[in-house]
Structures are given as structure tokens and as C-alpha cells.
Amino acid sequence: MKRENIYKRRLDKHMDELKWLYMELYNSQDMLDRLLKGMEGFYRERAEPLRTLDAAREADPCWYRKSSMLGMMMYADHFAGSLKGVEEKLDYIERCHVNYLHLMPLLDTPRGRSDGGYAVSDFRKVREDLGTMEDLERLARECHERGISLCLDFVMNHTSEDHQWAKRARAGEKEYQDRYFFFDSWTVPSMFEETVPQVFPATAPGNFTYLPETGQHVMTTFYPYQWDLNYRNPVVFNEMMFNFLYLANRGVDVLRIDAVPYIWKELGTDCRNLPRVHTIVRMMRMIGEIVCPGILLLGEVVMEPKKVAPYFGTVEKPECHMLYNVTTMAAIWNTVAAKDVRLLKSQMETVSALPSACTFLNYLRCHDDIGWGLDYPLLEKWGMRQVPHKKFLNDFFTGRIPESFSRGVLYNDDPATGDARFCGTTASMCGVEKAGFCHDRQAMEEAVRLDTMLHAFMLFQSGIPVLYSGDEVGQVNDYTYKEKPEKAADSRYIHRGDFSGSWRNGSMNRKQSRIIFSIIWSNWRPYGPGSPYWMQSAPSVH
């Protein structure tokens, strides 16, 4: 079939709904026409190998739900120094049987004001210390040749204050101020503050930042240097969709939509999970299916299942292809500390009751902190009240109580409310760090068994298992982040250490890490010989 006919078939399939939703939201035929023209342009520019991959995945829409999927997430610089370094280590990644590679934020960000890469100043430029967009394209091509899908973060909710739009808004250009939420007085922001919770009350209180050079307030839900985008403006939606398609045309297979629930703001609400969010994600899904149907949308929704599930959409009108199973992750660590499986059992029953088409990414650790978003009404029925139970969990995992084997640090500790989140690697949470420091052989054996068991449990869950880089070798906490001025204030860097640092800077040596690696992988055999998970021996670590 000719290219034009393929595109027309896909467009015709979605055109009525796309137009309906777009006009309902923006009521602008001119802006819709601009969107459609841009979409067709990106389709025409799409490379032939990517078109071939689109066709194969379009014919097999459940390709990503096969039992052979195994993911790994990593920071390119921490793992291999640069994108070229990651490409050089693809043999290692392949020997780990990883076929879904999530590279943490790598687009251009201001040094020292990046929030770990989530304050993007240019959506079409790679950070210079990591490489170039051409390096990213070459890495994507090499991944595809090896059957590896590449995932990248797409930060939709906000831009860096150093983004070109923000610079022009700060300079007073009304057109660009309208792409954010600018207010000339505190009247409207104060009304928002009455209903909108704070994300980081201790480190970044409030939801607005005052700009003395303009005498205005701008909405900044996360940090003052991250300005929230105004999706009531069709220019913002169109341009962000073009950025999405640009990255797809560079060879990215999965776009992780950061902070999905926050992208629509409405006065008098908590600005979370509003209906228009689903309208935007649904349109994004259709745009992808028209231009590049091989692309997947992964939603970052860090909430309980009843609020997470709607982001899958419906069978007739799907939204995200995949979501994170964050509540099971938190429930697993609650079980480790409390030695009580009831909450985990309840969580698994909730997830299992969802339609089989709901695909979750299962993990023990990720780049972020662990927030204790547990089912507290249920816990209270068992005598565990929210505030003291959170304190118990944080005390346990930071090693503050005698029976604890875990080591780690708190994140965003709020003395006023007693609330805090936790940071640490899987191995350190399982006791490997403490056992290594104390030279306790028995404790090390117990820590390895716990680490192995938790990974095996993750692997057997329905969905896609994802490792955080370093977990496959039992990497422990890296405390050297405290010595680096640009990282010292963010305790999440304790579990974002350089890949080689687990045996160089931690209390565990290379031999111990290889023992964990060997045990975990030689025992993960859920499908028997010949399956993608079967390994006769552990791959070597370089």
C-alpha cells in the first residue's frame, strides 16, 4: 500500500473523534488544521525502518505484552558516561536478556536546576555531556537491530525556566506568558492555593513563584524553576505533540509521560486527575496511532489503583498502553518491614481484578523516592494508623530501629507533619550494605536470599518486570552524592550512583555483587529451558 494511502487509512479511522475532542477543548478549526498539517509532515519524514517497525507492531498490537519482555531503567551517564557509552555496553544489556531499555531524562537541562533531568530547556536537544541527537538515533537503530525497545521520558507538565518560551515570557511577551500560568496579582494564585496540595512542602512550598523582574506570579507545581504549561492554549498542545512526534522519529519506541495527572489546571479543584487530562492523553494516543503506531505511551501515575486504572482508558477508547504498578511496589516494602502480607495480598487482588488488557510495569526500585502511599483506611482496621506507621517504615528502612537491616536516607522530610519519603537501593534495603560493612557472613546470606526472593516475586507478577540499573549486581547506596554541590540537596542521588561504584564506593565488593547477580539470574526460570529468562550462567560484568 502506498504511503499516502496508509496515512489516510489511519487518519480516517480516528479523524471524527480527534476533531470532536479537539474542537470541544479548543474550538479552533485553524489550530486543528495546523495540528493535522504538522502530523502529516512528521509522517512523511519518518524513516523507512521505523515505518517497517510500525507496520509490524500495528499487525501485532499486543507485542509489548509478551512474557519475554524484561526492562531496565538507567541514567546514561551513571551507567556508561554517555549515549555512545551505552551503545558500547549493549552486549552486556543484551546478555541480561533486557529488551526494554528506559534511559532516564537526557534532554537539555540547566546544570544545578534540572530536578534530575525533569526541567527540560530544549525538547529537541540532548544534554551536551551525554552526546547529540544523532548519537540517540544511532543508539536507537542499534537497539532495534538487537530487538531492544528504547524508552525516553517526555516531560509534558512543565518546562525549565531556561526554555525559550519561558525566557520570552519572562521578557514580557504576552504570547509566551499565555503558554504558562502568569498572574499580575496574588488574587487568583491564592484561590488555587486553597485547594491545590503541595508536592514538596518542605523543599518547594506552594504552587507559585514570584518573578520580581516582571512583578508577576507563575505556576510552579514542582520546583520554582519548572514552569507549568497551560494546556488551555492550543499552541501548547500542538507544539508539545510535535515534540512528541520529533522524538518518535528519532527512534524512541516508548514515551514515558511524566506527571500525567497534573497536566490540566482548573480553579476550585486539586488540579489532579481532571477529566481534561484524559482528553489530552486520548488525543495523544490517537496522534501516535496515526503517525507512528509502533510507539507506546507509558503513564507515570503515582496513585492507588482506582485512580491509576482510568489512565488505561477503555477498550474502545484506549489511552496509555502501560502504567507503573507503584502501589504494589510500596506494599512489597511494607511487607518486608512489617512482616505482614495482608496489605500486599489485598493490593494484588485489586490489580488482578482489573481487565487483562491493563499492562503494568512492575519494579522494586526506580530513580525516584519511595512514597508510602498505602491503603491507610485498610491498615487502620488492623490497628496501624497512618502517621505512626509511616514513621515506623522510615525508621526501619533508615536503620534507626534495632531489628532493621536496611540502610538509606529520607527525602523531603517535613518536620511539621512528620511526613517523609525514603531513598535507597534495593540491595541496601535488603541488608547487603549493612552485612558487608559488618563483615557478617550469615547476614549477607540472608540479605541475598531476600534480594533474590523479591526479584523473583516481581518477575512472576502479571505485567512487565523492570530492573533499576545496578540491582542486577546488588549495587548498594552511593553516599558520594553529598560531596557534589549540584546533588547534595537531593537525597535521591543515593540510589543513582555510578554503575561501577557498587564495588568501588560501597561496602560490598565485586565478588559479593557477582554472587547476587548469579543467584538471582540462575534461579529466575519461570518458563523453563529455551525461554527468554533461562540462563545457564550469569553474564560477565564489565
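## Basis

The model is predicted, so local features need pLDDT of at least 70 and side-chain atom pairs count only at pLDDT 80 or more, while totals for chains, interfaces and linings use all residues. Residues are numbered from 1 along each chain as its sequence is written, and side-chain values use heavy atoms, with hydrogens and water left out.

## Aromatic rings

Across the whole structure, a search finds 30 aromatic pairs. Rings of Phe, Tyr and Trp (its six-membered ring) pair if their centres lie within 6.5 Å; planes under 30 degrees apart count as stacked, over 60 as edge-to-face and the rest as tilted. Tyr223 and Tyr225 form a stacked pair, with 5.5 Å centre to centre and 5° between the planes. Both Tyr223 and Tyr225 are buried (under 20% relative accessible area; exposed is over 50% and partly exposed in between, with a 1.4 Å probe and protein chains only). Ring pairs also link Trp333, Trp372, Phe392, Phe396, Phe397, Phe405 and Phe422 into a cluster.

Two arginines sit over rings (CZ of Arg, or NZ of Lys, within 6 Å of the ring centre and within 35 degrees of the ring normal). The charged end of Arg51 is 4.4 Å from the ring centre of Tyr43, and Arg179 lies over the face of Trp165 at 4.7 Å from the ring centre.

## Tyr22

Tyr22 belongs to helix H1, residues 3–26 (helices, H or I with at least four residues, and strands, E with at least two, are DSSP runs numbered from the N terminus). Tyr22 is buried, with a relative accessible area of 0%. Beyond its neighbours within four places in sequence, its contacts (heavy atoms within 4.5 Å) include Leu35, Pro234, Phe237 and Met283.

## Salt bridges

The whole structure holds 43 salt bridges (a side-chain nitrogen of Lys or Arg within 4 Å of a carboxyl oxygen of Asp or Glu). One of them joins Asp91 and Arg146 at 2.8 Å, N to O. Asp91 lies in helix H6 (residues 90–95) and Arg146 in the loop between helix H7 (133–145) and strand E5 (149–155), so the pair ties together parts 55 residues apart in sequence. Asp91 is partly exposed at 40% relative accessible area, and Arg146 is partly exposed at 23%.

Lys174 and Asp178 meet in a salt bridge of 2.7 Å, N to O. Lys174 is exposed, at 52%, whereas Asp178 is partly exposed, at 31%. Salt bridges with shared partners join Arg113, Glu161, Asp162, Arg170 and Glu213 into one network.
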